[in-house]
Amino acid sequence: MPVEFLTDVQAEAYGRFVSPPSRRELDGFFFLDDADLRVVGRRRGDHNRLGFGVQLATVRYLGMFLADPLDVPGEAGDCIAAQLGVDVSCLAGYAVREKTRLEHQWEIAREFGYRDFADAERELAGWVDDVAWTTGLGPNAIFVDAIRWLRERRVLLPGVSVLARIVARERDAATLRVWADLAQAATAAQARSLPRLLDVPDGARHSELDRIRQAETAVSGVGMVRALSRVSEINALGLGRVDLSGVPQRRVVALARYGMAATATALRRHPEPRRVATLLATVRSLEARSVDDALELFDVLMTNDLLARAGRESRQEKLRRYPRLSKDAGRLAAAVGVLLDVLERDEPLALEAVWEEIESKVSREDLQSAVAHLTEVALPPDADADGEWRSALVERYASVRAFVPMLCGTITFGATADAAGVLSALRDLPRLLNARVTKAVPAGCLDARQVAVDIIPAGWWRRLVFKPDRPKGTVDRAAYVFCVLEQFHRHLIRRNIYATPSARYGDPRAQLLAGRAWQAAKGPAMNALGLPEDPGELLREHSAALDGAWRGMAESLTAGTVAHVGSDGKLHAEKIDAIPDPPSLLDLRRRLEAMLPRVDLPELILEVMGWLPAFTAAFTGLSGGRSRMSDLDLTIAAALTAHALNIGYVPVISDSVPALRRGRISHVDQNYLRPENYTLANAALITAQDGIDLVRRWGGGLVAGIDGMRFVVPVRSIHARPNSKYFGRRRGATWLNMISDQGIGLAGRVLSGTPRDSLHVIDLIYSQDAGRRPEVIVTDTGSYSDIVYGVITLLDFDYRPQLADLPDSKLWRIDLTADYGPLNQAARGKLDLTRIHRHWPDIQRLIVSIHTGAIPACDALRILAPGGTPTQLGDALAQYGRIFKTLHI
C-alpha cells in the first residue's frame with residue numbers, strides 16, 4: 001500500500017480498468033468525434049488506427065496511458081472498432097512493435113494537449129491545499145477529486161504513490177495550520193483554562209465538558225429554565241469574543257463536531273495545539289448550540305404544548321357548547337323564517353299578529369334565552385375567527401412565568417424593522433412582571449401606561465388584554481404576556497427576530513462571510529470550486545452548451561422517439577413501459593436467496609463486530625476511559641438489536657449470561673449508544689463497504705440519492721410536529737437520508753415535522769459520515785427548485801432531480817432569435833444572463849459562505865426567497881439554475 005489511507009483495492013484500481021465501462025461512460029469517453037477521426041485516420045493499417053483510438057479513449061477515461069495498451073475490456077475495444085469500421089481482432093497486431101505505442105502516446109499528448117504531471121505538480125499541490133484548508137475533506141475524498149482535477153486539465157496521472165503522498169502531505173499541513181491558528185487565537189489565560197473542562201469534579205462521574213454538552217429535552221417551563229441556565233453557564237466561559245475569522249468556518253465546525261463526540265480521555269491525549277483548538281471550537285459551537293437548543297425547546301413548548309393544547313381545549317369547549325348553540329340557533333331560525341315569510345305577503349301584518357305567528361313556532365321566553373346565550377358566546381365583528389383558543393392559552397400562564405424574565409436576559413436578540421416593536425415589548429416584560437403590586441395595579445394586572453399597546457392586535461387579543469372587568473388603567477397580565485410571546489414566536493420562526501450566536505435561529509444575512517474572513521476564504525474556495533472571478537467566459541460556455549443541446553434535441557425528434565412535441569407546443573415524453581424480468585434474472589434471484597443463510601440479527605451484528613474492530617471501538621462510554629466490562633460487544637449487540645427491532649429489553653435479556661442481564665444492557669444503552677458513537681460506527685461500516693470488490697462494481701460511490709422518510713413519533717420529543725397528512729392526529733418527524741450507488745446511510749438528519757427537503761439537501765451533502773464525496777445528486781420533485789438547482793450546481797455537484805409533470809416544466813433559452821425548429825414554442829422561457837453578471841459578486845460570497853460552512857444552506861435558501869418570493873439575488877441564482885435544469889430535461 002503506497003500510503004496508509006489508501007486501501008489495497010483503491011491502489012490496485014488506480015489507473016486500471018477494474019470493470020467494463022458503462023454505457024454512459026462509453027458514450028462520454030470512448031466516442032470519437034470528427035476531429036478525433038481525422039487524427040486517427042492518419043495511421044496506416046487497421047491495427048494502428050484501432051490501437052491509436054483505444055489509447056486516445058483510454059487516456060480520456062483513466063487519465064493516463066496503460067503500459068499494455070491492449071489491457072482494456074472487450075467493450076472498450078468493440079466500441080472503438082465499431083466507430084472505425086474495422087474488425088476488433090486486428091488489435092492484437094498493435095503490440096508487435098513497442099515503439100509504436102510510445103510514438104502514439106507522444107502524438108496524442110501533442111495533438112490533444114496532454115501535459116506531464118511534473119508541469120502541473122505545484123498547481124495541483126496548491127489546489128489540494130485549498131480544498132483541504134477550506135473543506136477538511138478526508139484524504140480518500142481529496143484523492144478521488146484530485147484524479148478528476150488532473151483529468152479535466154488533461155494532466156497525465158503520476159504513479160499512485162506520488163499522488164497519494166501529495167494529497168497526504170498537503171492535507172496534513174493544512175490540518176496542522178488549522179490547529180495552530182485556532183490555538184493562537186485564544187489568549188494565554190484561555191489556553192490554560194480550557195483543559196480544565198476535561199477534569200471530573202469531586203463526587204461527579206463525568207467531566208464538565210460532558211455535562212455542558214448535554215442538552216435539556218424536557219418540554220416544560222422548568223425545562224426552559226434549565227436550558228437557559230445552560231446558556232448562561234457556557235457564555236460565562238467568555239470565549240464568544242475570540243476572533244476565529246482567519247480559519248474557514250467549515251474547519252471550525254468539523255473540529256467542534258469531533259469535540260462534541262470525543263471523550264474527555266481522548267481529548268487529554270492530544271498534543272496541546274490540537275487539544276486547545278478542539279476545545280475552543282467545541283465551546284464556541286456550544287455557545288450557539290445551547291441557544292439553539294433553548295429556542296428549539298421554546299418552539300416546541302409554544303407549538304405543541306401551549307398553542308396546540310389551548311387549541312384542543314377551545315375545540316372541546318366548542319363541542320361542549322354545540323348542543324345548546326344548535327338548539328338556540330334553531331329557535332332563532334324559526335323566528336326569522338316567520339319574519340321573512342311575512343315580508344313576502346302583499347298586505348302588511350300588525351306587530352301583534354307577527355308575534356302570534358312567531359310564538360306559534362317558538363315561545364318568547366325561549367327566544368329571549370337564545371339571544372342572550374348567543375350574544376354571550378358570539379365573536380365580535382372584527383375578531384379573528386380562529387382566535388378563540390387564545391382564551392384557553394391565557395389559563396396556562398404558570399407554565400411561562402418562570403422562564404420569561406430569563407429569556408431576554410440570557411439570549412441576545414436582534415430584529416428587523418417589522419419585528420422591532422415586538423422584541424422591545426419582550427425585553428420590557430421582566431420589568432413589568434417585577435413591578436410592585438399596588439392598589440391601582442393589583443396582582444394579575446399590569447399598568448396600561450407601561451405596556452406596548454400598539455403591538456396588541458385587534459380582535460381576541462385586545463378583548464383578552466383589555467378585559468371588561470379589569471381595574472381602570474390596567475391590562476390583564478397573563479393575556480398581555482401571551483400576546484407578546486405568541487408574536488415573538490411567530491417572528492422568531494420567520495427569522496424576523498433572530499438570536500446571537502445561533503446556527504438555527506441566527507440572522508442569516510449576518511452569517512455571510514464579510515471583511516477579513518471573506519478575503520481569506522474567497523481565493524481558496526473559488527479555486528476549489530472552479531469558479532472564475534469574472535463569469536463572462538463561464539456563461540459563454542454554458543450558453544454554447546445550452547444552444548447545442550437545443551439543436552441536438554430538435555434534430556433527434558423524429559417519429560418513433562420517446563420524446564415529442566405535442567399539439568400544445570410543449571415537450572412530452574412517452575411513458576416508459578417496465579421491462580419484465582428475464583428468466584435468467586428470476587433464476588439468479590432464486591438461487592441467491594437460497595444461498596443466503598438464515599441468521600438472527602444479534603448474530604449478524606456480532607459477526608460484523610468480528611470483521612470490523614473499529615465498529616466496536618466506536619462505542620465508548622461517557623466517562624471516556626477504557627471499559628472494564630468483559631463481553632462488551634455482546635451487550636452492545638443486544639442493545640442495538642432491542643432498538644433496531646423496537647422490541648425493548650425483554651427478548652434479549654438472559655439472566656444466565658452476565659453480559660445480557662437487564663441492568664448491564666440498560667447501563668450500556670445509556671452510556672455507550674450515543675449519536676456521536678453511531679456516527680463513528682457508521683463511518684467504519686461505510687469505509688469497509690467501499691473496500692468490497694463487488695460493491696465497487698456496482699458503482700464508484702459518486703452518485704447519491706437523497707430523500708426524506710416520515711415517521712410518527714409516539715413519545716414526547718422536541719423533534720415531533722403535527723401534520724395531519726402524514727401523521728393523522730399524532731405528531732412526527734422526517735428522517736432525511738443519503739444513499740449512494742455503493743451503500744446506504746452515508747448521512748442522515750432528523751428534521752422537525754415535515755419541512756421541504758430542498759432546504760436541507762445541501763447541508764446533508766456536506767455532513768456525510770464517511771465515503772466518497774458524491775458528484776451526482778439525485779432527488780425527488782419535493783427537493784427541487786430553480787434556486788436550489790443554481791446553488792447545488794455552483795457548489796460543483798451535478799444535480800439531477802426527478803421532475804414531475806414534464807410538459808408543465810418551463811424550458812429556457814438564451815438566444816430568442818435562434819431557430820430550434822419544432823422546439824421553438826417549447827423553448828418559451830428567456831434567460832437573462834445580465835442578472836447573473838450583475839449579482840456575481842454576491843453569488844460568489846453566498847456560495848463560498850455555504851461551501852466553507854459559514855452559513856447553513858437551509859438558512860441561505862430562506863433569505864433568497866422569503867415568503868416564497870425570490871429576492872434579486874435569488875432570481876439571479878434561479879437564472880443560473882435554469883440553464884442546467886433545461887440541460888437536464
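Is Arg153 buried, partly exposed or exposed? Select Arg153 in the viewer: at 29% relative accessibility, Arg153 counts as partly exposed, because the partly exposed class lies between under 20% for buried and over 50% for exposed. The model on the screen is predicted, and each stop below concerns that model.

**Stop 1**

**Stop 2: the whole chain**

The C-alpha trace spans about 120 × 85 × 60 Å along its principal axes. The chain has 889 residues, of which 48% are buried. Consider next the contacts between residues with a separation of 6 or more: 73% of them join residues 24 or more positions apart. A search of the whole structure for salt bridges finds 37.

**Stop 3**

Select residues 46-62, which form helix α4. Show the side chains of Asp46 and Arg49, which meet in a salt bridge at 2.3 Å from N to O. Both residues belong to α4 and stand 3 residues apart, about one turn of the helix. Arg49 is partly exposed, with a relative accessible area of 24%, and Asp46 is also partly exposed, at 35%.

**Stop 3: helix α6**

Move to residues 98-112, helix α6. Its 15 residues reach 22 Å from the first C-alpha to the last, close to the 21 Å expected at 1.5 Å a residue. Which residues of α6 are buried? They are Thr100, Arg101, His104, Gln105, Glu107, Ile108, Ala109 and Phe112. The buried residues of α6 pack against α3 (34-40) and against α4. Just after the helix, select Gly113, where phi is positive at about 75 degrees.

Now display Arg42, Arg43, Glu107 and Glu111 together. A network of salt bridges links these four residues.

**Stop 4: two packed helices**

Two packed helices are described by the angle between their axes and the distance between the axes. Select α7 (residues 117-135) and α9 (residues 160-185): they pack at an angle of about 35 degrees, and their axes are 9 Å apart. The crossing of α7 past α9 is right-handed. Show side chains at the contact: from α7, the residues include Phe117, Leu124, Val128 and Trp133, and from α9 they include Val162, Ile166, Arg169 and Asp181. By class, the contact of α7 with α9 has 12 nonpolar, no polar and 7 charged residues.

**Stop 5: a link between α12 and α15**

Select Arg230 and Asp293. They form a salt bridge in which the closest N and O atoms are 2.9 Å apart. Arg230 lies in helix α12 (residues 221-235) and Asp293 in helix α15 (residues 272-343), so the pair ties together parts that are 63 residues apart in sequence. Arg230 is buried, with a relative accessible area of 9%, and Asp293 is buried at 15%.

Ser290 is buried, with a relative accessible area of 1%. Leaving aside residues up to four places away in sequence, Ser290 touches Arg230, Val231 and Ile234.

**Stop 7**

Go to Pro501, in the loop between β4 (497-500) and α24 (508-511). The peptide bond from Thr500 to Pro501 is cis, with omega near -10 degrees.

Continue to Asp631, in the loop between α29 (613-617) and α30 (632-644). This residue is not a glycine, yet its phi is positive, at about 55 degrees.

Then select Asp796, in the loop between α36 (786-794) and β12 (798-799). Its phi is near 75 degrees, a positive value in a residue other than glycine. Asp796 is partly exposed, with a relative accessible area of 27%.

**Stop 6: helix α32**

Finish at residues 675-690, helix α32. How far apart are its end C-alpha atoms? They are 23 Å apart, which agrees with the 22 Å that 16 residues should span at 1.5 Å a residue. Among the buried residues of α32 are Glu676, Asn677, Ala681, Ile686 and Asp690.

Definitions and conventions: Residues are numbered from 1 along each chain as its sequence is written. This is a predicted model: local features need pLDDT of at least 70, side-chain atom pairs count only at pLDDT 80 or more; totals for chains, interfaces and linings use all residues. Side-chain values use heavy atoms; hydrogens and water are left out. Helices (H or I, at least four residues) and strands (E, at least two) are DSSP runs, numbered from the N terminus. The expected span of a helix is 1.5 Å times one less than its number of residues. Buried means under 20% relative accessible area, exposed over 50%, partly exposed in between (1.4 Å probe, protein chains only). Axes are lines fitted to C-alpha atoms, for helices over the stretch in contact, and angles run from 0 to 180 degrees between N-to-C directions. A crossing is left-handed if the near helix is turned anticlockwise from the far one by less than a right angle, and right-handed if clockwise. Contact means heavy atoms within 4.5 Å. Ala, Val, Leu, Ile, Met, Phe, Trp, Tyr, Cys and Pro count as nonpolar, Asp, Glu, Lys and Arg as charged, and the others, Gly among them, as polar.
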